[in-house]
Amino acid sequence: MKLASLKHGRDGQLVVVSNDLAWYADASHIVPTLQAALDNWDQLKPYLELLARELEHDAIPKERFHEHDAAAPLPRAYQWADGSAYVNHVELVRKARGAELPESFWTDPLMYQGGSDDLQGARDPILLKDVAWGCDMEAEIVVVTGDVPQGVSPDDAHSYIRLVGLVNDVSLRNLIPDELAKGFGFVQSKPASAFSPVFATPDALGAYWQDGKLHRALMVDLNGQPFGRAVASDDCTFDFGVLIAHLAKTRRVRAGSIIGSGTVSNRDADGGPGKPISEGGRGYSCIAELRMIEKITTGDMTTPFLKVGDTVRIDVHDEREHTIFGAIEQTVVAG
C-alpha cells in the first residue's frame, strides 16, 4: 500500500495511491490525515488496504495523482530523528579533516533530532538566503514508526516500521562547524527537509525491503546529470532496527516518528573511497562527500555547493525502471 498527503491545511489530506503512482483515491472517509491513521494503525490499516485494492481494480472513483500536488506525507511530525547508518560517509568526512574515526562509531550509531514542524513536499523549493552557508543535498532513506516501547531490541524494532520513503535532508555545511563546536548539535545548519511524494508499507516493497534495509539504488541527479547511484543496502552498517532501538533505549518512541538513515554512501569496488559516476563508480548522495574525496586525493575541494538555480532530483526505481516513491525534485531559490 502506498500513501500520500495532498496539500490541504497544516497536515494534508490523506490519499491512497496506486502502485504505479498514476492514480489516487481519497481516504478522508476513513481517516483525514496520515498522522491520524498512524495513531490508530491496527484498526484503520485494513480499511486503507481495502481502498488500495479497490483502486488497483478500478472499483472506485479515482483521480490522477500529480507529484507536485503532494505535501510531505507527514507535513509535520512528532519527531524527525536522523541517524548515520553509513559509517563510510562519516569516516570520509573525518579523514578529510585529519581526524581519526572513534572505534565506537562502528557499533553505536550517531543520531540527532531535527526540526519536524515544517516538513517539505517533494517539489517545494530549497530556500537559500546566503550561498556562503554551503547548501548541500543529502539523499537518504526514511521509515515511519508506530508506537515503539522503550528498550525494544533491534530485531523486534522491525515490526514497528509502518512506512518507508525518501528524504532530501538539506544541510548548510558551512554553518555546521561552529554549531558542533558549541558541543550541543545542529539547529541553524539543518533547514527544512523534503520528503518523497509517497510512502510505502514494507510489504508493498516486496523483496526490495529485507532486514530493515532498502535493496535498491538511490538515484541522485544534479542539474539533470547523474551524480549518485549508491545502493542503499550496500555498506549499510546499521539497519533501521538498530536505529530505532538506539532511539528507544531510554524512552518510548511515539507513532508518526520519522527516522532517517543518514547519507547513503558506498565504497568503491576495491574497498577505497567511492568514485564519480563518470569514472565508473556509484557516485555520491551529497556534495560534501565528493568534496572530501577531492581533499583526500588532490588536497583541494573544487566542486561547489548548491547555488540559486541548481536542481536536485532523488528517486528510486524498480526493476522495470518505474519510480517506487515518486521523485524529490527541488530547485534552489533565493530565500
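Let's start with L222, which sits in strand β16 (residues 217–222); strands here are DSSP runs of E with at least two residues, and helices are runs of H or I with at least four, both numbered from the N terminus. The model is predicted, so local features need pLDDT of at least 70 and side-chain atom pairs pLDDT 80 or more, while totals for chains, interfaces and linings use all residues. Residues are numbered from 1 along each chain as its sequence is written, and side-chain values use heavy atoms, leaving out hydrogens and water.

L222 is buried, at a relative accessible area of 17% (buried means under 20%, exposed over 50%, partly exposed in between, with a 1.4 Å probe and protein chains only). Leaving aside residues up to four places away in sequence, L222 touches F227, I287, L306, T311 and V312; contact means heavy atoms within 4.5 Å. Although L222 and I287 are 65 residues apart in sequence, their C-alpha atoms are 9.7 Å apart.

Next come two strand pairings, where pairing requires at least two DSSP bridges.

| Pair | Sense | Bridges | Partners |
|---|---|---|---|
| β3 and β4 (residues 63–64) | antiparallel | 2 bridges | W23 and R64 |

The hairpin of β2 and β3 has 5 residues between its strands, and L21 takes a positive phi near 65° there.

At its start, a side-chain oxygen of D239 comes to within 2.7 Å of the backbone nitrogen of G241.

Conventions
Polar contact = N/O pair within 3.5 Å; in protein donor to acceptor, adjacent residues only side chain to side chain.
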